Amino acid sequence: MIETMSKEEMQSYQGVREVPDDFYQYWQQLILSLQLPELKVVEKDFHIKQIRFFDLYFNGTNGSQVYAKMLLPNTNQKTPVIFHFHGYQGCSSDWSEYFKFVMCGYGVIALDVRGQAGKSQDNGQFDGLTVKGHIVRGMIAGRERLFYQDIFLDVYTLIEQVRKLPEIDDENMQTFGASQGGALAVVGAALHPRIKQVVTIYPFLADFPRILELGQITEPYDELFRYFKFQDPFYRTKEQIFKALDYIDIKNFAHMIKGKVKLLTGIRDDICPPSTQYAFFNRVQTNKEHILLPEYGHEALNVGVNDLCFNWLINTEIEGV
């Protein structure tokens, strides 16, 4: 296990760096400057009468095309929805993986992150190192050129445009995901005030300086170490890099969240160390709950954990959970 902090130390830990003074204003200005694109909605027929299926497309920043799946119960009533976000380098789950939510009356919208394994495409051009990862893309040029800035704006745009659809109950929207998906669930809830709850599992993209301190060289953070090893072994640009990365550090979004927060952390996580997750959670200012899993790392969660998340998302209880 890579973590060096005790649980007692983590209880009050809020990260290595403070939130930039203009953080909120910066993101609000980005949102205000967006020219929200038309959402293309294409219905599909899978011959399942209880569920309606849709492909969603919109043009994101840099002229990139962004894709998401949408599943809705076949009803005339407005539908509460769960926005699901996938892990790093992956894509949205198979359609059938979302049926359990739809059978309980919830719609699901599942984003394919641009430039990863799904149908979304990225057309951006970036200065500097782009080897292996999306964290390092654009960081040399500064906060305005960060690749994850584009991804975060995709998340906001998806939520804002879906909520306007006549089938959607925009007073009952949630975000959900694990790892990168957990980070995007946090960002969606921070940037969009109508999100009522975020369920985030061992979120990625938190407290970058702490990652460097711990020497976390395994994926997905190894791209940071590759940058310093092969481009700046004397760490001369360290402050410049962290000043840029502050604007995509999810702990800095925590105070912007209006809805409830549920966080699950595996104490043995050596990919997204627990202290980095506490740095986010300890900054949340709304109703929140943190579940610790002492024997789990950054891995599939079993034995009732998925049922617990399901209970949170559909606001019910499965016996024994």
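Which residues does threonine 175 touch, not counting residues up to four places away in sequence? They are Phe83, Phe85, Ile159, Ala185, Ala189, Ile195, Gln197, Val198 and Val199, where a contact is heavy atoms within 4.5 Å.

Quick housekeeping. We're looking at a predicted model, where local features need pLDDT of at least 70 and side-chain atom pairs count only at pLDDT 80 or more, while totals for chains, interfaces and linings use all residues. Numbering runs from 1 along each chain as its sequence is written, and side-chain values use heavy atoms, with hydrogens and water left out.

Back to threonine 175: you'll find it in strand E6, residues 168–178. Strands (E, at least two residues) and helices (H or I, at least four) are DSSP runs, numbered from the N terminus. Threonine 175 counts as buried because its relative accessibility is 0%; buried means under 20% relative accessible area, with a 1.4 Å probe and protein chains only.

Now the largest nonpolar core, which has 76 residues. By that I mean buried Ala, Val, Leu, Ile, Met, Phe, Trp, Tyr and Cys residues joined through side-chain atoms within 4.5 Å. Trp27, Phe83, Phe152, Leu245 and Phe280 touch the most other members. Helix H4, residues 147–163, gives the most to this core, with 10 residues. Apart from that core there's another one of 27 residues, including Tyr98 and Cys309.

Last stop, helix H7, residues 222–230: its buried residues are Asp222, Glu223, Leu224, Phe225, Tyr227 and Phe228. Those pack against helix H6 (208–214) and helix H8 (238–245).

Definitions and conventions. Buried means under 20% relative accessible area, exposed over 50%, partly exposed in between (1.4 Å probe, protein chains only).
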